[in-house]
Each structure stands twice: as structure tokens, then as C-alpha cells.
Amino acid sequence: MKPSELMKFQNKQIRVLHFTWIAFFISFFTWFNMAPLATTMVQSVGWLTDDHLAALAIINVALTVPARIVVGMLLDKYGPRIVFSALLIIMAFPTFVFAFGNSWMQLFVSRLVLSGIGASFVIGIRIISEWFPPKKVGFAEGFYAGFGNFGSAAAAVLLPWIAIQIIGGDNGWRYAIAYTGVICLIYGIIYFFIVTDTPEGKKFLRSEKIAAMQVSSWGDLIQLIIWTIPLVGVLGLLAWRLKNLNFIPQNTLYVIYVILFIVLTYQIIQILRVNIPLLKSKETTSGGYRFKNVAALNTTYFANFGAELAIVSMLPTFFLTTFSLTPTTAGLIASSFAFVNLFARPLGGWISDHVRSRKLIMLAYMFGISIGLLGMAFINSSWPIVLAVTITVLTSMFIQGAEGATFAVIPFIKRKMTGQISGMAGAYGNVGAVVYLTLLTFVTPRQFFIILSVGALLSFIYCMFALEEPKDSHGDEYTAET
């Protein structure tokens, strides 16, 4: 697929791509509507403190991990059009509650519920894979994700301007946040009427059972259970962080641990209930894939997207303290890391489409991330700042290109389970971010970058041995049972 094709709006395929990245853009615009207005919130709400904001930042990602799993299952069952529209419409309401909340509990609960909007990413992955053939899907997925992710940057730029310059007053931030909810609500309705799950004449392959991911061997069943544990465990880590900020007492933390253990036990029971009868009967209609490929892509997204979220959160401070810059200059330099997403992620997908081995591209990117992050570990005040910025931008290109390469592989593992597979991989990106950000509180920036580098290297090694080359991934049509 050539970038010039993106301007062919008379092509319904291209229109669906644009309509979908806009939906994702709005999701991220709404999801990250608090951070750019945090200072204004503290100034206008007398009882709100920096500790409250730190807790809200944690809560803002709390339900994203389970939501990506649940949404992945729902979209494989009901289709992306209905699920994307419903998610946007539903998430408008906690946005309104947060905007006009006057108590800590209102802010806490509404932001917790709103964190589920982060699951929007996986929906577009499925619908794009339905509309684009194998030879074009990598670039299309990368373009969708790269431009959609930019919604967080747009929020950082536009919402303070809307709150302060357009609306003004002590409640300007409230109306600015409410504005994102209005956009969600309106576009959710619009999206339902302007897209379809598949092109005309093409059947949407639905997953019959959504209670748990289906596997095709006893060994894969064990792997699925093992890889499910961190998806619940990360919520325990988030609760522990809240306890350290003194927002929940020790007894409440223990209660949360018990609840999470019950949830994990229930999910394992569901996995066994769905898969044991299939494996005993040797039914293969839901098999045909090896879970080790899903596990490999879990590691890549943990190492690349997890690293991206972690780095973005600490990079302004890192440049400010290392080179004695002003906050504005440090923020501007750090923003280059996120800005690269606009072209680096589509580029990763495009390269995956045009090189015969998608696995080779995946490996090259992960190795490049490891080298780049290792280079960043040695940045210090004696470096020319131009060189430091260059290393940072190159590393960002590898990280975000790897994200594009990851989702250029996912549609070929198992077609009708693309939502569930992308949901799990996407969730591991958030798991990576939580783990890395927690480790950041215990180590120096140099040690932090080395840890990130080692994480990428371990993923590279895992993929080298576990990831299989996708079959028929550069043709005009998907094979029937991909």
C-alpha cells in the first residue's frame, strides 16, 4: 500500500480506515484529558492535591488491561462497528461525571470507569484487518494506530487552550473535559452509521465462544493459563501503589488481593471449561494456531509499548535535570519521542508488508530497540544535546516501528480470534508500562534505560525461537482458516 492511496477518499476501504483512526483518536483524546489540565484542577479545587493527581494517574490505567481482554472477546462475537460505537457512547458518561465531580469518590470512580476507554485500540485492529488484504494490512494498521495515538498529544495541546483561552474561569477545565465526552457521544453515534464490519459480500468470521480464548493443544492450554496470571497480577501492583500513596489502607489492600485471586481463579476455570471439552473431543475448528505465537507478541508489546509509555512519563524530567533546561524546552524535546509515532508506526507496518519475512522485521526492530535504549542509558550532561536528542528520536523510531510490526503479524495468527489476540497483546503493553514505571521509582535513569534494553533483548530472544513466520501474509486474500 502506498501512502498516496490514503487520499483516495472515493475508495470505501480508505474511508473506513480514516473513520476508524478518528474514532481511536477521539478515544485517546478523551482518555488523556486530565493530564494537561492537572495544574488548573489543583488551583481551582481547594481540596485537590498533587497526591490526588498521582492516584488519579494510576487509576487512569487500572481497568485498561482487563478492558482490552473483554473488549477483544466482545468484538470477535458482535463485530467492531457495534463495539466501537458502544464504547464511545458509554464512556461519554463517566467523562461527564469526572468533569463535574465535586468529591474525591466521584473523581475516583468516574476515572476508574473511564480507564476502560483504553481498550478502543484493539477494536480498530480487527476492523482494519477485515477491510485490507494481507499485503496492505501492516501499513493500514500502523497508520490507524500511529494517527489514533496522537489523540493524547492533541489533548495536551488543545485542552489547556480551550479551558483557559476559550472558556476561562475557575470551571474552564470542567467544560473542556466535558467537551471530550460530547465528542465521544456524537462520534459514537456517527460511527455506527458510517461503517460496516466487512466489505460488501464478505462474511465476518465470529468466535463462537467468548468466555475464554480457545486453544488447540494441552500444552497451549497451560501456556494460556500462565500468561493470564500477570493480567490480573498487574492490578494488584496498581493497588499496592495506591496503598503507598496512602489512598487505601492496608486492610483494603488485602481485600483487593483476595478479590483479584477470586477473579483469577474464575478466569482459569473459564479457560478450562471452554477448552477441555474441545481438546478431549479433538475438535479442530477452533484450533489451527499455536499459542506460542501469541506469547511471543505479548513479549514484544510489553517491551515496546510498555517502554514507550514509561519513557514518555519520565523523559521531560530526564532532559530537564541532565542538561539544566527550562521546563518548556525539556517538554518540547521530550515531545519529539511521541511525535515520531505519526510516521514511525506506519513505517513499521509498511516495511513488514514489503519484506517477505514479517518475523525478520519483528526481530530487527526488537534488537534495534535494545541497542537504542542501551545508548540512552549513557546519555549525560557531557553529551552534545543534539546527539542526545538524535539517539532518543532513533530509539523512538525503533520502539514505535516495532509496535507497527507487532500488529502487522497479529491478523495472521487466527482470523476469527484477532480481537482476543490483539486484546491480550495490547493488555501486555499496559502491563509493561505499569511494571516499568514501578521499577522507575527504585532505580536511577541509567539503570532504568538498561532495564528497558534488557526487556527488549529478552523479547528478541523469545521471538527468535518461538515466533513462527505467518503463512500467506503477503497475498491478496486471507486463507480460509488463518
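Val70 is placed in helix 4, helices being DSSP runs of H or I of at least four residues, and strands runs of E of at least two, numbered from the N terminus. With a relative accessible area of 46%, Val70 is partly exposed, a class that lies between buried, under 20% relative accessible area, and exposed, over 50%, for a 1.4 Å probe and protein chains only. Between the C-alpha atoms of Val70 and Ala408, which are 338 residues apart along the chain, the separation is 22 Å. The model is predicted, and local features need pLDDT of at least 70 while side-chain atom pairs count only at pLDDT 80 or more, whereas totals for chains, interfaces and linings use all residues. Residues are numbered from 1 along each chain as its sequence is written, and side-chain values use heavy atoms, with hydrogens and water left out.

Two packed helices are described by the angle between their axes and the distance between the axes. Helix 4 (residues 64-78) packs with helix 18 (residues 418-440) at an angle of about 170 degrees, and their axes are 7 Å apart; the axes are lines fitted to C-alpha atoms, for helices over the stretch in contact, and the angles run from 0 to 180 degrees between N-to-C directions. Helix 4 is therefore roughly antiparallel to helix 18, where angles over 145 degrees count as roughly antiparallel, under 35 as roughly parallel, 65 to 115 as roughly perpendicular and the rest as oblique. On the side of helix 4, the contact (heavy atoms within 4.5 Å) is made by Thr64, Val65, Arg68, Ile69, Gly72, Met73, Leu75 and Asp76, and on the side of helix 18 by Thr418, Gly419, Gln420, Gly423, Met424, Gly426, Ala427, Asn430 and Val431. By class, this contact of helix 4 with helix 18 has 7 nonpolar, 8 polar and 2 charged residues, with Ala, Val, Leu, Ile, Met, Phe, Trp, Tyr, Cys and Pro counted as nonpolar, Asp, Glu, Lys and Arg as charged, and the others, Gly among them, as polar.

Aromatic rings were examined next. A pair of aromatic rings is described by the distance of the centres and the angle of the planes. Rings of Phe, Tyr and Trp (its six-membered ring) pair if their centres lie within 6.5 Å, with planes under 30 degrees apart counted as stacked, over 60 as edge-to-face and the rest as tilted. The count by this rule comes to 35 aromatic pairs. In one of them, Phe28 and Trp31, the ring centres are 5.1 Å apart and the planes stand at 80 degrees, so the pair is edge-to-face. Phe28 and Trp31 both lie in helix 1 (residues 12-31), 3 residues apart, which is about one turn of the helix, and both are buried. The rings of Phe139 and Phe143, in contrast, have centres 6.4 Å apart and planes at 25 degrees, so this pair is stacked. Phe139 and Phe143 both belong to helix 8 (residues 134-149), 4 residues apart, again about one turn of the helix, and each of the two is buried. One aromatic cluster is formed by Phe24, Phe28, Trp31, Phe32, Phe121, Tyr144, Tyr301, Phe305 and Phe407.

Charged ends are also found over rings, a charge being taken to sit over a ring if NZ of Lys or CZ of Arg is within 6 Å of the ring centre and within 35 degrees of the ring normal. The charged end of Arg81 sits over the ring of Phe192, 4.1 Å from its centre, and that of Arg111 over the ring of Phe98, 4.2 Å from its centre.

Helix 1 also holds Ser27, which counts as buried at 0% relative accessibility. Ser27 and Ile117 are 90 residues apart in sequence, and their C-alpha atoms are 6.3 Å apart in space. When residues up to four places away in sequence are not counted, Ser27 touches Phe84, Leu88, Ile117 and Ser120. Gly118, found in the loop between helix 6 (104-114) and helix 7 (120-131), likewise counts as buried at 0% relative accessibility. Neighbours within four places in sequence left aside, Gly118 is in contact with Trp31, Thr64 and Arg68.

Asn246 is in the loop between helix 11 and helix 12 (250-280) and counts as exposed at 68% relative accessibility. Ser324 lies in the loop between helix 13 (291-323) and helix 14 (327-339) and counts as exposed at 68% relative accessibility.
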